[in-house]
Amino acid sequence: MAKIALIETKPTSTNFDKYFEFEFDRFALCSDSSVAKVLKKDVDLELNPDDYDWLILVGAEAFKQFTRKTSVTEYNGKIIDEKFLALMNPAIIKFKPEAKKAFEDAIQSISGYVSGELKIEKLSEDKCYGIDDKETALKFVQAAIDAPLPYIALDSETSALYCRDGYMLGFSMSYEADHGIYCDCDVIDEEVEAKMQELFNKKIVVFHNAKFDLQWFIYHFNFEFPNFEDTMLMHYMFDENPGTHGLKQLAMKHTPFGDYEKPLEDFIAQYRRSHGILKEAFSYDLIPFEIMKDYAAMDAVVTFALYQKMKPAILKNKRLLWVYENILLEGCNFLVQVESNGVPFDKERLTFAQGIMTEDIAKAVAELYEFPEVRQFEVAKGKDFNPNSTVQLRSLLFDFIGLNPTGKKTGTGAHSTDAEVLGQLAEDHAVPKHILEIRQKNKIKTTYLDKIIPNLDMDSRLRTGFNLHGTTSGRLSSSGKLNMQQLPRDNPTVKGCIKARPGHKIVSMDLTTAEMYVAAVLAKDVGLQNVFKEGGNFHSNIAKQVFNLPCEAEQVDEFYKDKRQQAKAVSFGIMYGAGPAKISWQVSKDSGTEFSMHDAQSVIKDYFQSFPNLKKWLDDCGSFIRSNAYIYSEFGRKRRLPNARSKDKGIASHEVRSGINFLVQSVASDINLLGAIDMQHYINRKGMKSKIFALVHDSVLAEVPEDEMEIYCDNLKTFVQKDRGFSIPNCPVGCDFEIGEDYSFSKWGKFYNEIFKSDN
């Protein structure tokens, strides 16, 4: 009989006997249950792992103590080093009910490993091997061409994260179950390349994270892939939560191969230690072929196995299949081109702005130390004031200046000094306003200017990432060298550096009030649809109708600005489930005058009386979510909402609101994405030189030659406004175009042109 130990962080009253049928010894890292957070010094457990066949490690601390790994969630229910079994702390279910299934699955998995029903499979050397000569490579590729299945799995190993920053080390491939190779790229000559293209023309090529691999194969070898699929995007259809789509995670969860990467991870850790290399400085070209081949070949094996498991499942759900094929795969192809186009920057402007910002920060910091309150602080404390220290800043603001805390607290219960708090305190004193300005300028310099300049390619364009699988709503996210979704809005410094080449213009197409438009369509609310049909300013029209104002809609902003602000707050608020308290706060903040909860309640009531079908639709959707814990968008995306059934009313209500917001946000985002995809197809067909380089929120950004301007704008508008099955009759969604030499659209000039011209 196997000898088993279960180890917690500290003693708890959890009854683990009800989860496991086998016997086990129970231990805790720290025997003192009163310790709030168990640190290394608190660990008093003396236990030799070799005395046990299995160790079940409960919670992050116990897991890390024995495996040196930090994410128990990632390994939940899985085996490490043929002995350790990870288990999330069951206490988390009280706070996150959605974790219940993952916990139950882990219990079942652990029981399977202990009983011997589950085992980690390792492929033999004749099934998983490396190729470093041309003849063997040709034979394998020909065997893949001749194989009966219509698909192969393909993966790349590279020396960098971006195809222009490095070179391809090798590729892995699998054309039948439990069989894979890793081939050194040095064997690829014209003959091998031609044979590989023959394979790619004949078979469906399955990647895991196709957007990454396609860029490398296309940029370095000019390969074409007429038919490809992506197991990462496929999994996103089954689980829309970010951070769950990694190949290793899915291998541990859905295949018998377990944590096959661990030997490679151990090699990398040892190599870094012995050579004194920091984690961020390590690259895969430092790994010898003999070490790389087994791990890399398994990448293809696992991708092949995942495809065989997930493809039949997605074929059973027509709605998910449509999204996968028409939005995700098409979107992947589109984003490969967008990322390759790159964001056009003006290096001269970047360098100039970096210098000016450095001077401005130094001047602002010097001015900060001239405030008498700061001098008083330094005298009292006997040291220089550090504006980056939250402890010192808190003391300065609340103890020395005597400002009243806003009530916002940090996670530790201390008074917050974040940007929102400083913005409120700035209304009462110049010091928090000054510090806020320093922070904002520092962020622009360090987060953007300092990082953009060294990451520019030789053509002065920056290639960054856009992700189809990074949000639960389906909206694109951005990551990598530059997060395009988080460019500063109020300061034109960075946007002004995104500048078109001579003979070109930057064109931004923005959807106007897209989410309200979608809500009007989905709710079948004729009154709300008529607001769009009337044209003009949406929020002014809403205010006129809701409050029955005695003026024309275009006069509302002039004579009834407060009513327009109230109507705007309600319009946006209801899509996010805002109640009277939130509406009251928002209107008070935006208008600068008190707007009570009673007033907010009255406005909401008037709003829904004007648009009763909208109210009914919101109620019906909320009821469906509470009953089913999921909902589908009109395009077919599925949003799983397990917390809608939580016993905690606050958690359940938040989940319902998230679901309703998903219904409008995802559709608006997909309208934008599908329009951009169609535009890119048109650009390719016509051989145009226009370059779409980003999708930011509800906008499409492009660098367009001046002689293509009219045809680009006209066609993009046509594609975005295309009736895809849910539009207001004779009233397509609105599109606003801005055109200028840079992305700030003349705002850069107001800030910098005089200085910039005088310095050049």
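Trainee: What is the strand order in the open sheet of six strands?
Mentor: The order is E6-E9-E8-E7-E10-E11, and the pairing is mixed. Keep in mind that this is a predicted model.

Trainee: Which strands stand at the edges of that sheet?
Mentor: Strand E6 (128-131) and strand E11 (228-230). Each has a single partner strand, so one side of each has no neighbour in the sheet.

Trainee: And how many degrees does the twist average there?
Mentor: From one strand to the next, the average is 25 degrees.

Trainee: How do E8 and E9 run, parallel or antiparallel?
Mentor: Antiparallel. Strand E8 (residues 168-176) and strand E9 (residues 179-184) are joined by five bridges. For one example, find Ser-172: its bridge partner in E9 is Tyr-182.

Trainee: Which strands does helix H4 lie across?
Mentor: Helix H4 (residues 134-146) lies across E6, strand E7 (151-158), E8 and E9. Its direction is at about 40 degrees to E8.

Trainee: New topic. What is the order in the open sheet of four strands?
Mentor: That one goes E19-E20-E16-E21, with antiparallel pairing. Strand E19 (691-696) and E21 are the edge strands, and each pairs on one side only. The twist averages 20 degrees from one strand to the next.

Trainee: How many bridges pair E16 with E20?
Mentor: Seven, in the antiparallel sense, with strand E20 covering residues 699-705. Look for Val-507 there, because a residue of E20, Ala-702, stands opposite Val-507.

Trainee: Let's do the inside. How many residues are in the largest nonpolar core?
Mentor: It has 196 residues. The ones with the most contacts inside it are Phe-345, Met-484, Leu-614, Trp-617, Ile-692 and Tyr-712.

Trainee: Which helix gives the most to this core?
Mentor: Helix H26 (residues 649-686), with 15 residues.

Trainee: Why would nonpolar side chains gather like that?
Mentor: In soluble globular proteins, such side chains tend to be buried together.

Trainee: What is Tyr-712 in contact with?
Mentor: Set aside neighbours within four places in sequence. Then Tyr-712 is in contact with Val-507, Met-679, Ile-683, Met-688, Ser-690, Ile-692, Val-700, Ala-702 and Val-704.

Trainee: Switching to charges. How many salt bridges are there?
Mentor: The count comes to 36. Take Glu-74 and Lys-248: their closest N and O atoms are 3.6 Å apart. Glu-74 is in the loop between helix H1 (59-67) and strand E4 (79-80), while Lys-248 is in helix H8 (residues 247-254). They are 174 residues apart.

Trainee: What does Asp-346 meet in a salt bridge?
Mentor: Lys-499, at 4.0 Å, N to O. Asp-346 lies in the loop between strand E12 (343-344) and helix H12 (347-368), and Lys-499 in the loop between helix H17 (493-497) and strand E16 (504-512). So the pair ties together parts that are 153 residues apart in sequence. Asp-346 is buried at 17%, and Lys-499 is partly exposed at 21%.

Trainee: Last one. Which residue has a positive phi near 60 degrees without being a glycine?
Mentor: Asn-730. Look in the loop between helix H27 (709-720) and strand E21 (734-740). Asn-730 counts as exposed, because its relative accessibility is 85%. Asp-81 also has a positive phi, of about 55 degrees, and is not a glycine. Asp-81 is in the loop between E4 and strand E5 (84-87), and counts as partly exposed at 44%.

How values were computed:
Residues are numbered from 1 along each chain as its sequence is written. This is a predicted model: local features need pLDDT of at least 70, side-chain atom pairs count only at pLDDT 80 or more; totals for chains, interfaces and linings use all residues. Side-chain values use heavy atoms; hydrogens and water are left out. A salt bridge is a side-chain nitrogen of Lys or Arg within 4 Å of a carboxyl oxygen of Asp or Glu. Helices (H or I, at least four residues) and strands (E, at least two) are DSSP runs, numbered from the N terminus. Buried means under 20% relative accessible area, exposed over 50%, partly exposed in between (1.4 Å probe, protein chains only). A nonpolar core is a set of buried Ala, Val, Leu, Ile, Met, Phe, Trp, Tyr and Cys residues joined through side-chain atoms within 4.5 Å. Contact means heavy atoms within 4.5 Å. Two strands pair if DSSP finds at least two bridges between them. Axes are lines fitted to C-alpha atoms, for helices over the stretch in contact, and angles run from 0 to 180 degrees between N-to-C directions.
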